[in-house]
Amino acid sequence: MYIMVIIKTKNLSKSFANGGIQNHVLRNIDLEIYDKDFTVIMGNSGSGKSTLLYALSGMDRPTFGEIMLNGHAIEKMKEKELAVMRRANVGFVFQQMHLVSNLTLFENVCVSGYLMKNRKPKEVHDQAEELLKRVGVFNEKDRLPSRVSGGQCQRAAIARALINSPKMIFTDEPTGALNSKIGRQVLNVLTELNQEGQNILMVTHDVKAATRATRIIYLHDGQINGEMTLEPYTPEQEKNRERQILAFLEAKGW
Ligand SMILES: Nc1ncnc2c1ncn2[C@@H]1O[C@H](COP(=O)(O)OP(=O)(O)OP(=O)(O)O)[C@@H](O)[C@H]1O
């Protein structure tokens, strides 16, 4: 079977200067991320997970190496070009949802759609309503973020990330600020989206969140140190998946 590659890196490296000393955080990473996967990046604290996510998504630039994202050589792009590419190709969901506090959930979802030159406001509005229904916060659409719960904010943040039908959703600890029940509901939304065909790449420490993956990549000291693939998630298999993932992580020295 032919598997489409959505992201491909070659020698991807990132260093930060720290008091005159170079901290080599990502070291010559060659990686392919496949279409339709729910890819999860795990690894010890400081192994470079977030740095990798920022580089792959075009939020930050590599020090060295190449990154192809949905056919775009992003390391070569100028800032403006990169911003346009991000708006059309990627959506972000962060631990702290970063919704604009004086805009309603509906308005928050629409903003990035308005910035697309080829989209009419009516089309953006219709899609925003669809997405708010899809993630289960349509009834709260006219409220400000401060007037809804953390879980509802995170659902709206997912809808916002989807407004331009991006090829890839990048998410860094999306349940980190939520209690376990609400976090689980947010993971259910992400899992359903993936099972409907949405590419997702998530960084997490949380083994329960990682059970949603179809592929787990383990990062150690800025290099890929192993991976495992999993069948699509089902709730019945969750405990079993958790055990499998824990065994994989323990073998890696997690
Ligand atoms: N903007 C920055 N400037 C300087 N150093 C940075 C910067 N961003 C990250 N680092 C350093 O890079 C290393 C990896 O950080 P990163 O956040 O990618 O790790 P992580 O695996 O996501 O960690 P955690 O699980 O704790 O979030 C750390 O040593 C961190 O201090």
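Helix 1, residues 49–56, gives the most to the shell around the ligand, with three residues. Helices here are DSSP runs of H or I with at least four residues, strands are runs of E with at least two, and both are numbered from the N terminus.

Before we go on, please keep in mind that this is a predicted model: local features need pLDDT of at least 70, side-chain atom pairs count only at pLDDT 80 or more, and totals for chains, interfaces and linings use all residues. Residues are numbered from 1 along each chain as its sequence is written.

So who sits around the ligand? The shell includes Gly-46, Ser-47, Gly-48, Lys-49, Ser-50 and Thr-51, with Phe-16 and His-205 also among its members. Strand 2 (21–34) is the other element that gives two or more residues.

Now look at helix 1 itself. Which of its residues are buried, meaning 20 or more other C-beta atoms lie within 10 Å of their own? They are Lys-49, Thr-51, Leu-52, Ala-55 and Leu-56. Because they cover an arc of only 165° around the axis, they lie on the same side of helix 1; that arc is taken from the directions from the helix axis to the C-beta atoms. Their packing partners include strand 1 (5–18), strand 3 (38–43) and strand 8 (199–203), where contact means C-beta atoms within 7 Å, again placed from the backbone.

Finally, just after helix 1, Gly-58 takes a positive phi of about 75°.

Methods
Near = placed C-beta within 6 Å. Buried ≥ 20, exposed ≤ 12 C-beta atoms within 10 Å, placed from the backbone. Contact = placed C-beta atoms within 7 Å.
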